[in-house]
Amino acid sequence: MKECSVRNRVRLPRFSTPAVFLLAAIGLIVGSRHALAGEEKGARAYNEKAQAELDLRHLWNFDKDKPGGPPAGFIALTVGAGQAGGWTVEADPLAPSAPNRLSQTVLCPGGCYQLLLAEGVTYDYVDLTVRLRVVSGTPATTGATGGAVFRVKDERNFHAALVDLAAQSLEVIRVVDGQATVLAHEPVKLRPGAWHPLRVLHETILSKDLMEISFDGKIVFSTWDQERYGGRIGLATRGDAAIGFDNFHVIRLYSQKPLSPPAAY
């Protein structure tokens, strides 16, 4: 019985020195892969958190600002000969989102523009909307113009979509080094009501940039644009009547931006 138990005893295999090194190398590779997988998982979690915290959307309805002063988070600029300022939050129970609206009351006739730019907000591609009206009690003379600015580099370089509410026309302009070029001047028809929505869409489709301007729910201007750049966004006025704004809503079209170069094949 003793001899049988010795014969049946389990014996561990003996490895040569090269085999030992091979097994050790395999262990290191497997361990490294597990470590990399852990790092990638951690990186994905970090990226997902960072993506969640990206500033993809803004809505300014000016209802948390104190009436009688400028809105928080904006900087005012004047282009051309004109008095600066005039951007004031005012109480308006009939605003699209009561109780406040934003008004620009400093007149800016001729080639003067009053700009109000959102601070710390830059977009490559953007979908923005704003509601505007001629302020009650102000004569709606020719030049009661307001709208949005985008692709803003500074006060001498920007794009603007401006609606003349009195003349019922929409103008799209590009300002480069202080020189304005009119890209479009189209008639518009105002729908019933005091407030009118203006929408600016700037996106990329199949490596081409599309610029599209809508007013009162109707596309007024659309063009393919070869100048691939973004910039800051904001509001603008021009003319001899005060303009009111509300519900300035901006969405970053982040999904439209290519995240990697095209494949090599």
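Which residues form a nonpolar patch on the surface? They are Ile205, Leu206 and Trp224, with about 360 Å² of accessible area together. Patches are made of residues with over 30% relative accessible area and no salt bridge; like charges are joined within 9 Å, and nonpolar side chains (Val, Leu, Ile, Met, Phe, Trp, Tyr) within 5 Å. A salt bridge is a side-chain nitrogen of Lys or Arg within 4 Å of a carboxyl oxygen of Asp or Glu. Accessible areas come from the Shrake-Rupley method with a 1.4 Å probe, and for residues only the protein chains shown count as cover.

The model is predicted: local features need pLDDT of at least 70, side-chain atom pairs count only at pLDDT 80 or more, and totals for chains, interfaces and linings use all residues. Residues are numbered from 1 along each chain as its sequence is written, and side-chain values use heavy atoms, leaving out hydrogens and water.

Leucine 206 lies in the loop between β11 (196-205) and β12 (208-215). Strands here are DSSP runs (E, at least two residues), numbered from the N terminus. Leucine 206 counts as exposed because its relative accessibility is 80%; the cut-off for exposed is over 50%, for buried under 20%, and partly exposed lies in between (1.4 Å probe, protein chains only).

Now the sheet. Seven strands form an open sheet in the order β2-β5-β14-β7-β8-β9-β10, with antiparallel pairing. The edge strands, β2 (74-79) and β10 (179-187), each pair on one side only. From one strand to the next, the twist averages 20 degrees; axes are lines fitted to C-alpha atoms, and angles run from 0 to 180 degrees between N-to-C directions. Two strands pair if DSSP finds at least two bridges between them.

Look next at β14 (residues 231-238). Seven of its eight residues are buried, so β14 is largely enclosed by the rest of the structure. Strand β5 (residues 113-123) pairs with β14 over six bridges, in the antiparallel sense. Leucine 117 has glycine 234 of β14 as its bridge partner. Strand β7 (residues 145-154) also pairs with β14 in the antiparallel sense, over six bridges.

Is arginine 151 buried or exposed? Arginine 151 is buried, because its relative accessible area is 3%. Its side chain makes polar contacts with the side chains of histidine 202, at 3.0 Å, and aspartate 225, at 2.3 Å. A polar contact is a pair of N or O atoms within 3.5 Å; within protein, one must be able to donate a hydrogen and the other to accept it, and residues adjacent in sequence count only if both atoms are side-chain atoms.

Definitions and conventions. Helices (H or I, at least four residues) and strands (E, at least two) are DSSP runs, numbered from the N terminus.
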